[in-house]
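The following exercises are to be worked with the sequence and the structure in view. Each task is followed by a solution in steps.

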Amino acid sequence: MDEFRLWKLTWREVADIVGETSAVLIPVGSIEQHGYHIPLDCDIYTSTYICERVAEKSLLEGVKVLVAPPINFGVSWYHMGFPGTITVNPETFIDVLTQICSSLSRHGFKKKIVVNSHGGNTSTLQVFTNRFYEEYGEKIYLCQWWDLASDEMVNIDTPMVHVEEAETSVAMAVGMRVLTDKTVREAFDRRAALKEHGLPAFEIVKYDARHRGPYINTPMDMIHHISESGVVGDATKADIAKGKRILDATVERLTEFCKQLGEAKR
Ligand SMILES: [Zn+2]
């Protein structure tokens, strides 16, 4: 049985492979604006792509990894100023994930990794994985390409906020429909963009995902308050080679982790 998409199997085929499955990957993302140049499904497309490549690579190495049906919707309230964005609140997101993961656990799939490509989901996913462990005694791991390939991010020169250099490069590398003639540099420096729009901005507050040094956290801004296109950063600096390096490192390392997780006792 070479098929790794859980939803394409019959229940008897699923029953047959529970014992030999090293990990179930759960793709998580969003349906939200990604500037003038990338469709709304950017994040869930990327997560699903990563999961499927990991499952294929694992299979070649004799390790069975399953992919759960992608969870399209995420926490995207701050993109609601742009048509097409669909958001669910954090409580709903946690509730759905808890019920999906407890269903999988009930059928014997105890080793699970959530693969996320939407930064706006991260804090909710952290609450979810902690709470799931508390309630069910099972650790669900959280994988995000910008964390797993953090060393490959050295080639990214510009701030990382939304659909900028890094994310557009990854979108190009996964073969998504990227309108390269529509890329823009906008709200390049989020702090400056806030000031420009007459909103409070501070030196010590973290406005860039890659900000280093002392900082104070802030919620995300309503993107339409600071950017007309929806881009926060510089999408014009994206290139496929940078994205490919990030992606290759992510797939390689996640495949290795699935192998280790399969060998772990519990
Ligand atoms: Zn995105």
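**Exercise 1.** Determine whether Leu97 is buried or exposed in this predicted model.

*Solution.* Step 1: find the residue; Leu97 belongs to helix α3, which spans residues 90-106. Step 2: apply the cut-off, by which a residue under 20% relative accessible area is buried. Step 3: Leu97 has 0% relative accessibility, and therefore counts as buried. Step 4: list its partners; with neighbours within four places in sequence left aside, Leu97 is in contact with Val28, Ile71, Leu125 and Phe128.

**Exercise 2.** State how helix α2 is oriented towards helix α9, and name the residues that form the contact.

*Solution.* Step 1: locate the helices; α2 covers residues 42-60 and α9 covers residues 240-263. Step 2: read the geometry; their axes lie 9 Å apart, at an angle of about 55°. Step 3: classify the angle; α2 and α9 are therefore oblique to each other. The crossing of α2 past α9 is right-handed. Step 4: name the residues; α2 contributes Tyr49, Ile50, Arg53, Val54, Lys57 and Ser58, while α9 contributes Leu247, Thr250, Val251, Glu252, Leu254, Thr255 and Cys258. Step 5: sort them by class, which gives seven nonpolar, three polar and three charged residues.

**Exercise 3.** Carry out the analysis of orientation and contact for α2 and α6.

*Solution.* Step 1: the two axes come within 10 Å and cross at roughly 55°. Step 2: α2 and α6 are therefore oblique to each other. Step 3: α2 passes α6 in a left-handed crossing. Step 4: the contact involves Cys42, Asp43, Thr46 and Tyr49 from α2, together with Glu167, Val170, Ala171 and Ala173 from α6. Step 5: by class, five of these residues are nonpolar, one is polar and two are charged.

**Exercise 4.** Which residues touch the most other members of the largest nonpolar core, and which element supplies the largest share of this core?

*Solution.* Step 2: the largest nonpolar core has 38 residues, of which Leu25, Ile113, Val115, Trp145, Met153, Leu254 and Cys258 touch the most other members. Step 3: at least two core residues come from each of β1, α2, β2, β3, α5, α6 and α9. Step 4: α9 supplies the largest share, seven residues. Step 5: a separate core of 23 residues includes Ala68, Val75, Cys101 and Phe128.

Methods: Residues are numbered from 1 along each chain as its sequence is written. This is a predicted model: local features need pLDDT of at least 70, side-chain atom pairs count only at pLDDT 80 or more; totals for chains, interfaces and linings use all residues. Side-chain values use heavy atoms; hydrogens and water are left out. Helices (H or I, at least four residues) and strands (E, at least two) are DSSP runs, numbered from the N terminus. Buried means under 20% relative accessible area, exposed over 50%, partly exposed in between (1.4 Å probe, protein chains only). Contact means heavy atoms within 4.5 Å. Axes are lines fitted to C-alpha atoms, for helices over the stretch in contact, and angles run from 0 to 180 degrees between N-to-C directions. Angles under 35 degrees count as roughly parallel, over 145 as roughly antiparallel, 65 to 115 as roughly perpendicular and the rest as oblique. A crossing is left-handed if the near helix is turned anticlockwise from the far one by less than a right angle, and right-handed if clockwise. Ala, Val, Leu, Ile, Met, Phe, Trp, Tyr, Cys and Pro count as nonpolar, Asp, Glu, Lys and Arg as charged, and the others, Gly among them, as polar. A nonpolar core is a set of buried Ala, Val, Leu, Ile, Met, Phe, Trp, Tyr and Cys residues joined through side-chain atoms within 4.5 Å.
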